[in-house]
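Trainee: I would like to understand how the words used for a structure follow from its values. Could we go through some of them together?

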Amino acid sequence: MMNEDFTPIQQADPTIIKNGINNDKFNSVTFDKVAGIFDHEKGSKTIDKELNEFGDFSSTEREEINDKINHNADINLDDLDNGTESSAFDGLDELDELGIDDTAEQLENEEEAVGELEDFFSSAEFIIWIMEIIMVYGMNFYLKRNELDSIGIEAFDKSAREQKFLVRSWAKVLQKRNTKISAEMELLFALGSTYVMKLKGIVEAQKLRKEKADFEAQKNAHKNSKKKPVKKGKVVDISKHQKPEQPKEENKPKKTKINKDNFKLNKDEEIEEVAEEEKEENEVLSIVEE
Amino acid sequence: MDGKRASNCIGIIGTNNTGKTVISEEIIKRFNAKRDRIKKNGKKYPSNYHKLVVFDVQNRYEEYMRDGDINIMIGDDGWEKKILALRDSMFVADDFKVLIDDDRISKDLLKVFGYRMEYGIDLVFIVWHPTLIPPRIYKFIDKYYLFRCNGNDKEFVSRINGDKETIAKCKHILDYNFEKHTEESYGNLYPNFPFIFYDTGTNKAVKVNF
């Protein structure tokens with residue numbers, strides 16, 4: 001809704017531009033409507049005080065004052081300063097104390113440098129995250145070459161204290177971009193101390209697991225080799241193989257003459273011995289058949 | 001209502017031939033009309049009251065100058081102190097960038113901004129692009145007269161002090177209204193020099209002369 005009666009800005013309620021492009025439905029006002037901000041006199045403590053004092057003077061005194069003002073080449077501006085609280089300064093005093101140069105470009109550079117450390121925390125966390133990803137890839141490359149298992153980003157889990165320390169270190173680097181190398185070295189040391197031991201432990205554990213796995217595999221391989229069935233191989237012509245060496249004559253055991261009569265059995269005893277042998281054979285066969 | 005008001009710090013931004021100086025003349029006319037009313041009332045004021053200070057590179061304000069008004073020339077020293085000596089007055093700088101040498105904002109000029117409320121000095125700066133106002137000055141500007149302005153939206157929005165969304169909408173409106181009539185002279189179609197008046201304090205904007 002447009003306010004047709006455009007009073008000075010302190011009381012005006014101009015039409016708000018709600019839609020970006022589709023603005024045809026908002027009527028335009030003329031300059032007279034907005035010019036009200038220049039109407040009326042201005043009021044302030046200084047102006048009111050000066051006007052009150054001026055009004056108390058006689059006409060002659062006023063002329064003298066005006067003459068003095070018109071020839072104000074020697075007026076010290078400090079005298080004009082009523083010492084009022086200047087909320088309009090918006091921190092000018094602080095800027096003067098900091099000695100910030102007035103050039104706009106230099107001001108922007110200095111404002112960047114004199115930022116709060118906390119402003120760099122989010123950037124520092126991001127950079128740490130990127131670094132961890134790079135280190136994961138680098139480690140896995142190394143592990144793969146050594147035939148070890150790969151690791152994930154969870155390997156870089158760290159305590160809150162470690163995280164906080166790393167973030168602050170990186171934030172300092174970002175804040176002091178053009179400073180000496182000491183800040184960067186400090187960060188490298190922090191990264192090294194945090195991750196080197198951790199990674200070393202991971203690699204050692206990987207190696208042990210691999211050794212154990214290799215040992216188990218070897219053990220199983222040996223175990224399985226005993227149970228293997230005899231394979232039917234080719235008929236080997238023994239005649240083609242070299243006969244085993246016959247022991248030399250001198251090494252041959254001497255034959256002793258055996259007196260046959262000593263070993264001659266009684267015929268009946270001989271028959272009994274044969275029957276005994278047959279009986280044992282039958283018993284064995286019966287067991288087999290069962 | 002006692003008829004008193006606070007001073008304004010106004011940035012008039014727009015590319016060439018969009019009506020910036022014409023509107024600044026309208027502002028000065030309003031100021032002169034107030035001076036005439038005060039003089040007519042017969043109330044006596046110190047001689048440092050109700051003065052007009054201009055930086056007039058195009059020599060457009062000569063006819064509006066009166067006794068005691070100040071016309072700043074390039075290279076003048078101490079002009080800031082002359083403004084600080086005034087009360088309930090107005091300072092209009094056409095092509096403000098030329099006045100600020102090497103973007104050096106003197107401490108006296110900062111005092112002009114700082115004391116503008118207390119001394120009742122309206123400040124009006126005219127530039128043809130937002131990047132031509134030093135960043136430090138942007139802190140003090142509370143009202144804008146936004147004319148059609150070249151440059152990308154991001155540059156425009158990032159420089160002007162105020163609600164970014166509202167400023168972006170203003171830029172779109174200005175560009176849209178210009179672009180949809182590219183075959184005809186922008187000056188002929190909009191003889192009244194349209195612009196958007198934006199008050200950063202209330203975050204409200206209104207189209208003027210469209």
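Mentor: Let us begin with Glu165(B), which is called exposed at a relative accessible area of 53%, keeping in mind that this is a predicted model.

Trainee: What makes Glu165(B) exposed?

Mentor: The word exposed asks for over 50% relative accessible area, and Glu165(B), at 53%, is therefore exposed. Lys169(B) has a relative accessible area of 21%; since buried means under 20%, Lys169(B) is partly exposed.

Trainee: Why is the contact between Lys169(B) and Glu165(B) called a salt bridge?

Mentor: A salt bridge needs a side-chain nitrogen of Lys or Arg within 4 Å of a carboxyl oxygen of Asp or Glu, and the N to O distance for Lys169(B) and Glu165(B) is 3.4 Å, so the contact counts as a salt bridge. Both residues lie in helix α7 of chain B, four residues apart, about one turn of the helix.

Trainee: Why do residues three or four places apart point the same way in an α-helix?

Mentor: An α-helix has 3.6 residues a turn, so residues with that spacing point the same way. Glu26(B) and Lys29(B), three residues apart in helix α1 of chain B, are likewise separated by about one helical turn, and their closest N and O atoms are 3.3 Å apart in a salt bridge.

Trainee: Which parts does the salt bridge between Asp36(B) and Arg66(B) tie together?

Mentor: The closest N and O atoms of that pair are 2.6 Å apart. Asp36(B) lies in helix α1 of chain B and Arg66(B) in the loop between β3 and β4, so the pair ties together parts that are 30 residues apart in sequence.

Conventions:
Residues numbered from 1 in each chain as written. Chains lettered and ligands numbered in written order. Predicted model: local features only at pLDDT ≥ 70, side-chain atom pairs only at ≥ 80, totals over all residues. Heavy atoms only, no water. Helix = DSSP H or I, 4+ residues; strand = E, 2+ residues; numbered from the N terminus. Buried < 20%, exposed > 50% of the residue type's maximum accessible area, 1.4 Å probe, protein only.
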